[in-house]
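Let's take a walk through this fold, one piece at a time. Keep the picture open as you read.

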Amino acid sequence: MPTEDQHPSIDPDRLHRFRLPDVPDETIRREYETCRKKYFDEFQANTHPIKPTPEQEQLIKEAIQQIPRTLDAYGILNADFSQRPLPKMFFLDRKDFYKYALHKELNTREMVTVRAIYDSTIHAFFMYLPKGRKRNERNEEILHHNVHELLHALSFRRLQVYKSKPGLEYGRTVDPQRTGVRMVPWGYDTQTDDPHLKFTDLNEAITEDLAIEVTNNIINAHPDQFRHAILGQIHVLLRRSRLKTARTIFVQDKEKELEKDGVPYSELTDRIAQSGYSFNIDENMFKQNYPKERKRFHHIIDALCRRTGKTQQEIKALFYGAYFLGPLRDLAKTVDGAIGKGTLRLIADDYFGDALTERLKQGETNKKNT
Ligand SMILES: [Zn+2]
């Protein structure tokens, strides 16, 4: 991938901190680099990655530039790829994606909806690219998955190396310790019900919310590369025009005008933008990643806004700050201060639990009573 060339080798000093008390850091680092290289050598020999189209390559570059610009609005600075290596990125067909990203047999009976995966232990991500599709169609989907995984890679904090449990093939195990707000315990054994795994759901909600926002920013800046998405969105707006909001009536009028004059749809979006109405691609167009997790996140944000009098932007900034910069202290202070002691712990451990639901509701009633 050309995007990777700017950072030909990984700088473990910046990305990886190893924890293994009885072995010098330098040894562990060398060992890690050797293993990573071996992994990719084998990967290259056994897979047939698909080359993205020039248009898609351009969009990936655009995504890398756009992420810090979007974060700027939340006061999050220095969250960009200038201080860390870009992850390796691979587009794979179904067979390779199942084997290398999902570690599953192609004929699995499980329903697979995952389309992209970031693997922090090798600092790389894999995206599934269905065959037989006009290559530049659905650029928005590819971009959206790309942004989502880039955010995981950008918020990845630390790798830990420790002695493996007795009986395992390798003497050492490598695990991520923290990605975004997600915390992984020592000796984590890919058991998703491990009670020491924290903030998994919140982490996906934050990642996806930001991914949609970044993707929309890019689409609005380059409407011509997203004809499919824009056309779909215009249809959504037209269907909603029964609701007679000012924007949908405006879109309806413009569409009639354009049909008559035979002007392309991208001009319609320009005119919508010029009119001062926002034109965001509906999140349904992105095939709905983590809808439940995001809905919960929005409930939490709403409750915090009600209780603190802060704006959505300000509350989101707190979550994003923890996601990219690390300390959870400010977030804990606000969340527990507004919704009750121990709320952040509930968000970490039992995101969909009744206790949390109850607390979020209490905020609603209190507001109504005042
Ligand atoms: Zn994710």
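Helix 5 (residues 139-154) and helix 6 (residues 200-221) have axes that come within 9 Å and cross at roughly 130°. That angle makes helix 5 oblique to helix 6. The crossing of helix 5 past helix 6 is right-handed. Bear in mind that this is a predicted model.

Who touches whom? On the helix 5 side, the residues in contact are Glu140, Leu143, His144, Val147, His148, Leu151 and His152. They meet Thr207, Glu208, Leu210, Ala211, Val214, Thr215, Ile218 and Ile219 in helix 6. Sorted by class, this contact has 8 nonpolar, 5 polar and 2 charged residues.

Next up is an open sheet of 3 strands, in the order 4-5-6, with antiparallel pairing.

Now look at strand 5 (residues 172-179), which runs antiparallel to strand 6 and is joined to it by 2 bridges. Arg178 has Met183 in strand 6 as its bridge partner.

## Two residues with positive phi

Asn78 isn't a glycine, yet its phi is positive, about 65°. You'll find Asn78 in the loop between helix 3 (54-72) and strand 1 (88-92). Is Asn78 buried or exposed? Asn78 is exposed, with 10 other C-beta atoms within 10 Å.

Phe199 is another non-glycine residue with a positive phi, near 65°. Phe199 sits in the loop between strand 6 and helix 6. With 23 other C-beta atoms within 10 Å, Phe199 is buried.

Notes:
Residues numbered from 1 in each chain as written. Predicted model: local features only at pLDDT ≥ 70, side-chain atom pairs only at ≥ 80, totals over all residues. Axes fitted to C-alpha atoms, helices over the stretch in contact; angles between N-to-C directions. Helix = DSSP H or I, 4+ residues; strand = E, 2+ residues; numbered from the N terminus. Parallel < 35°, antiparallel > 145°, perpendicular 65-115°, else oblique. Left-handed = near helix turned anticlockwise from the far one by under 90°. Contact = placed C-beta atoms within 7 Å. Nonpolar A, V, L, I, M, F, W, Y, C, P; charged D, E, K, R; others polar. Pairing = 2+ DSSP bridges. Buried ≥ 20, exposed ≤ 12 C-beta atoms within 10 Å, placed from the backbone.
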